[in-house]
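Visitor: I would like to go through this structure with you. Could you put it on the screen?

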Amino acid sequence: MKLHRGFRACLALVACGAIASYANAATIKIATSKGIGADAEVRDHQPTTNFGSSTELATRIVDNFPVGNTSDGSDRFSAMYLKFDITGLAAPATPSNSTSVRLTFRNTNLTANRISDTATPNPALRTGLAFYGLDRDDPGNSWAENTITYLNAPGLGSPTSPGGDFNNGTKDYDFVDPDGSGPLHAPLTPLGVALFPTLGTQNHLAVGEELLFSSAALNAFVNQSLAAGKTSVTIIAGILHDGKVPINDWKNFNYLFNPKEMLTLNTDSAYDADTTDPNNTLGSPWSAASNAADANGFSPFSPQLIMDRVPEPSSLALLGLGVAALVARRRR
Ligand SMILES: [Ca+2]
Ligand SMILES: [Ca+2]
Ligand SMILES: [Ca+2]
Ligand SMILES: [Ca+2]
């Protein structure tokens, strides 16, 4: 096919425009294994114990008894503290258009009853994780992996009540309530929720499979920290339901994720991707996979902060104009 010289020039321009736009696009993945990154669980019933070097990150909740009751000791709440090293990405920084937190499953028993309501039953009702951001100017951002505990964790309790209400099984997050009923200033900001994925034909969620959380609030939270020249961001994740939910299979279940210390993933040989097929090969594709960090401090199954810097709407619009011009030219 013969192309008009002008048409060819235009085509080249559009192609160059497209390449230039996508050259600006980048996905940055930062694992907790990088630099000053950290991951640690904190537990209310062991309020002075540090779990920073554990090979599991977990969250659970059950609250059957009030504070003071002798059985309150059997109640539980634990949350996960994640610190990501954003050194070198700070101002003047390219804002991200989309930001995610990625966790990977450590359990070999995340069956339907742990994810959705199979008791009532109401399969559409699922639990998941709630995420919070620690104020970028809070002095608690300096928390250390080998010293953080429930009692000293930033954002749990209040300045007069560190660690919260000393009632096991209640979430003690100190956050700004979006409806205005809570405090005007608090260390934590709610960033949103990620439900556990639906199972489909799987018998359970696979070891190494991802739980991906993203929201506009998370994107804004991270972009503001970048613009302010911060070197790290702290994000807290905990189980979504309240520990009083009438679904016993959710209560006190330890939802486990892989921290940077989990250098080899669990073996998950009973994983079945298709329970409708009696002949498919069993086993998680990530069974016993390596989670060792590479030379850049990146480990593939550790908690990750993922920033997508996609082409700006303006350059996409320009690209669209180029295509429109091309089409107009061809019609002549
Ligand atoms: Ca850790
Ligand atoms: Ca309690
Ligand atoms: Ca409590
Ligand atoms: Ca099967």
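Visitor: What is the mean pLDDT of the protein chain?
Guide: The mean is 88, and 84% of the residues reach 70 or more; pLDDT is the predictor's confidence in each residue, from 0 to 100. This is a predicted model, in which local features need pLDDT of at least 70 and side-chain atom pairs count only at pLDDT 80 or more, while totals for chains, interfaces and linings use all residues. Residues are numbered from 1 along each chain as its sequence is written, and chains are lettered from A and ligands numbered from 1 in the order in which they are written.

Visitor: Where does pLDDT stay under 50?
Guide: That applies to residues 6-23, for which the model has 21 contacts beyond four places in sequence. Two residues are in contact if their C-beta atoms, placed from the backbone, lie within 7 Å.

Visitor: How many helices and strands does the protein chain have?
Guide: There are four helices and 15 strands. Both are DSSP runs numbered from the N terminus, with helices being H or I of at least four residues and strands E of at least two.

Visitor: In what order do the strands of the open sheet come?
Guide: The order is β1-β15-β5-β12, with antiparallel pairing; two strands pair if DSSP finds at least two bridges between them. At the edges are β1 (26-31) and β12 (210-214), each of which pairs on one side only. From one strand to the next, the twist averages 20°.

Visitor: How many bridges join β5 to β15?
Guide: Five bridges join β5 (residues 98-104) to β15 (residues 304-309). Within this pair, threonine 99 stands opposite methionine 307.

Visitor: Which helix lies across those strands?
Guide: Helix α3 (residues 216-227) lies across β5, β12 and β15, at about 105° to β5. Axes are lines fitted to C-alpha atoms, for helices over the stretch in contact, and angles run from 0 to 180 degrees between N-to-C directions.

Visitor: A change of topic: is aspartate 44 buried or exposed?
Guide: Aspartate 44 is buried because 24 other C-beta atoms lie within 10 Å. The cut-offs are 20 or more such atoms within 10 Å for buried, 12 or fewer for exposed, and partly exposed in between, with C-beta atoms placed from the backbone. The residue sits in the loop between β2 (38-43) and β3 (57-62).

Visitor: Which residues does aspartate 44 touch?
Guide: Leaving aside residues up to four places away in sequence, aspartate 44 touches Arg76, Phe77, Ser78, Tyr150 and Asn168.
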